[in-house]
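My notes are below the picture.

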Amino acid sequence: VLATVAGVVLPGDWGFFSSYLIGGINLVVLAIGSTAPGLLTVLTDKFSLVFPDYRERTLRHEAGHFLLAYLHGAPIASYSLELRGARVQLAQAVLQRKLYAGRLEDEELDSLAVIAMGGVAAEAIKYEEVIGQTEDLFDLQSLMNKSQKELSDSEQQNLTRWAVSRAVGLLRENSDAYERLMEKMSQNATVFECIQAIEGL
């Protein structure tokens with residue numbers, strides 16, 4: 001999104017160059033993570049000093065995916081709160097089978113869209129600015145591309161807004177379970193223990 005905006009707003013070659021520069025950041029992070037993970041650890045530690053709430057944001061974000069996946073009956077294989085490299089995008093792991101199973105019916109797409117937006121919704125409830133939305137929006141776009149019927153731009157925007165709104169509603173309705181889940185996840189509890197926490201066991 002930022003790369004697209006830069007490409008449109010900045011004049012001449014600056015827009016062209018900036019969009020490629022911003023778009024290439026993910027590739028740089030991936031390259032560093034695969035060749036020098038220790039260096040990436042230093043960088044993420046410095047990042048968390050600049051954004052001291054980053055660890056809590058990560059917890060809230062991933063717990064949002066986890067809880068909404070559970071509420072929608074999606075199997076949860078694992079989760080990770082690691083700052084290095086790719087935090088496990090819970091929605092992506094949960095939706096993997098669906099993404100390769102063929103076209104998604106409306107009901108499936110609606111359910112999976114809410115799960116995909118769970119992290120964004122969880123951050124938005126607590127913070128004025130959401131910083132972990134890029135991969136979630138990419139996951140949602142992948143889902144919409146798998147819809148049985150082709151969605152227009154306005155339909156995609158409406159689905160995105162609805163999914164965020166629905167995710168926020170579910171997180172608020174289940175706030176006690178969400179708090180218990182975050183506490184367990186912060187202790188690196190197993191998936192089974194996290195589910196027990198959601199269920200209040």
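These entries go from the whole chain down to single residues.

**Ground rules.** I am looking at a predicted model, where local features need pLDDT of at least 70, side-chain atom pairs count only at pLDDT 80 or more, and totals for chains, interfaces and linings use all residues. Residues are numbered from 1 along each chain as its sequence is written, and side-chain values use heavy atoms, with hydrogens and water left out.

**Confidence.** I checked pLDDT, the predictor's confidence in each residue from 0 to 100. The mean for the protein chain is 74, and 64% of its residues reach 70 or more. Residues 1-10 fall below 50, and that stretch has 11 contacts in the model beyond near neighbours in sequence. Residues 85-91 are also below 50, with 25 such contacts. For contacts I use heavy atoms within 4.5 Å.

**Overall make-up.** I counted 12 helices and 0 strands in the protein chain. Helices (H or I, at least four residues) and strands (E, at least two) are DSSP runs, numbered from the N terminus. Of the 201 residues, 39% are buried. Buried means under 20% relative accessible area, exposed means over 50%, and partly exposed is in between (1.4 Å probe, protein chains only). I also looked at contacts with a separation of 6 or more: residues 24 or more positions apart account for 67% of them.

**Salt bridges.** How many salt bridges does the structure hold? I get 2, taking a salt bridge as a side-chain nitrogen of Lys or Arg within 4 Å of a carboxyl oxygen of Asp or Glu.

One of them joins Glu-56 and Arg-60, with the closest N and O atoms 3.0 Å apart. Both residues sit in helix 5 (residues 54-71), and because they are 4 residues apart, about one helical turn separates them. Glu-56 is partly exposed at 34% relative accessible area, while Arg-60 is buried at 12%.

Another pairs Arg-57 with Glu-123, N to O at 3.0 Å. Arg-57 is in helix 5 and Glu-123 is in helix 8 (residues 118-126), so this pair ties together parts that are 66 residues apart in sequence. Both partners are buried.

**Helix 8.** Which residues of helix 8 are buried? I find Gly-118, Gly-119, Val-120, Ala-121, Ala-122 and Glu-123. Their cover includes helix 5, helix 7 (106-116), helix 9 (133-145), helix 10 (153-173) and helix 11.

I then looked at helix 8 against helix 10. Their axes come within 8 Å and cross at roughly 65 degrees; axes are lines fitted to C-alpha atoms, for helices over the stretch in contact, with angles running from 0 to 180 degrees between N-to-C directions. The crossing is right-handed, that is, the near helix is turned clockwise from the far one by less than a right angle, anticlockwise being left-handed. Helix 8 brings Gly-118, Ala-121, Ala-122 and Ile-125 to the contact, and helix 10 brings Val-164, Ala-167, Val-168, Leu-171 and Arg-172.

**Asp-136.** This residue is in helix 9. Is Asp-136 buried or exposed? At 0% relative accessibility, Asp-136 counts as buried. Its side chain makes a polar contact with the side chain of His-61 at 2.8 Å. A polar contact here is a pair of N or O atoms within 3.5 Å; within protein, one must be able to donate a hydrogen and the other to accept it, and residues adjacent in sequence count only if both atoms are side-chain atoms.

**Leu-67.** I went back to helix 5 for Leu-67, which is buried at 0% relative accessibility. Leaving out residues up to four places away in sequence, Leu-67 touches Leu-171, Asn-174, Tyr-178, Leu-181 and Ile-198. Its C-alpha is 8.2 Å from that of Ala-177, 110 residues apart along the chain.

**Ser-186.** Last entry: Ser-186 lies in helix 11 (residues 175-186) and is partly exposed at 44% relative accessibility. A polar atom of the Ser-186 side chain lies 2.6 Å from the backbone oxygen of Glu-183. Ser-186 also touches Leu-59 and Leu-81, not counting residues up to four places away in sequence.
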